[in-house]
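Me: Please go through the salt bridges of the structure below with me, one question at a time.

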Amino acid sequence: MMAQHRETPTFEVDGHKITALAAGPAAGSGRPLIVALHGGTYTARYFDVAGADQGSFLDVAARCGYRVVAFDRPGYGGSSPLEPDVNTFARHVELLGPAIEQAVERFRAGAVFLVGHSIGGMIALMIAAGEPGFPLIGVSATGMGAVIPPGGAAEALGSLPPDATVDLPYDQRDQVMFGPESSYGPEGLEQAHGSYAPVPVRELVQAPMWPKEHLPSVAPRVRVPVHNALAEFDALWDSTPENVARFAAMFTAAPFVDASVARGTGHCIDHHTLGFALHLRQLAFAEECAAWARQNAASAR
């Protein structure tokens, strides 16, 4: 299936360059702008990997009439790096929030639906829990949840030298990111390799601590609908149905929460054969969020 046209917009916040990958109608579709934030060890190209014949998330969303802007988080792609001692998720929020505001203005968007994978999901929820300077209608956080098993792959990655930036070999990443061989195809795996990037270890140190140190205070402050999907074969998170339900229950101020196990996938859900099923669920949820926002606006008149 033919890929949608790609653009590479650039933004500047507080002297930092923030690069992005964009697709979809420029303006006037009437649908919310989808802003996507990648996880650790990937660039924005994470959302441009086609795990199935239907294309990547950018392709699927663009064909459905959505403009998507996938940002390179600080230190990835062409985005300015941060010094290790200030490379915190909170600083990413401070830089990406204004970049999203600029994207809203540039693309004349009436609303924003946030999508974040893994560490990108953590940062997306932190943005949603604050007071974003743009009209946020909902958030989808995938590849992250409430419980990281002790002694697992997440803690092993977090034990690397904290001030280093490491470029992990493909085979080591594949073991962590993908599910069983039957759950993905060779083309998706090859494309995923093109989205891998060196990772600041400070991110890998912060990520295993996030569920205990931040989630309990972040979740109750999110006041928009929340979607969550955690892979059945996730090597980093405990994706039992009980823990997925535990995650959902923490969002006490959200109007509604849709949390589930993404069957037949590993940590990088989007890159699996059933990644297309996730994309359809995310877009359907975005439509529900848009309807909720319209109803709220109507009742406020």
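Me: Is Glu94 buried, partly exposed or exposed?

Reply: This is a predicted model, in which local features need pLDDT of at least 70, side-chain atom pairs count only at pLDDT 80 or more, and totals for chains, interfaces and linings use all residues. Residues are numbered from 1 along each chain as its sequence is written, and side-chain values use heavy atoms, with hydrogens and water left out. Buried means under 20% relative accessible area, exposed over 50%, and partly exposed in between (1.4 Å probe, protein chains only). The relative accessibility of Glu94 is 47%, so this residue counts as partly exposed.

Me: With which residue does Glu94 form a salt bridge?

Reply: A salt bridge is a side-chain nitrogen of Lys or Arg within 4 Å of a carboxyl oxygen of Asp or Glu. The N to O distance is 2.8 Å, and the partner is Arg91.

Me: How many residues apart in sequence are the parts that the pair Arg73 and Glu203 ties together?

Reply: The side chains of Arg73 and Glu203 form a salt bridge with an N to O distance of 2.8 Å. Arg73 lies in the loop between E4 and helix H2 (89–106), whereas Glu203 lies in helix H7 (residues 201–206), so the parts tied together are apart in sequence by 130 residues. Arg73 is buried, with a relative accessible area of 0%, and Glu203 is buried with a value of 0%. The separation asked for is 130 residues.

Me: What is the distance between the closest N and O atoms of Glu7 and Arg67?

Reply: Glu7 is partly exposed at 29% relative accessibility, while Arg67 is buried at 5%. Their salt bridge has its closest N and O atoms at a distance of 3.1 Å.

Me: Which residues does Gln206 contact, leaving aside its neighbours within four places in sequence?

Reply: Gln206 is found in helix H7 and is buried, with a relative accessible area of 18%. Contact means heavy atoms within 4.5 Å. With those neighbours left aside, Gln206 is in contact with Asn87, Thr88 and Phe89.

Note on methods:
Helix = DSSP H or I, 4+ residues; strand = E, 2+ residues; numbered from the N terminus.
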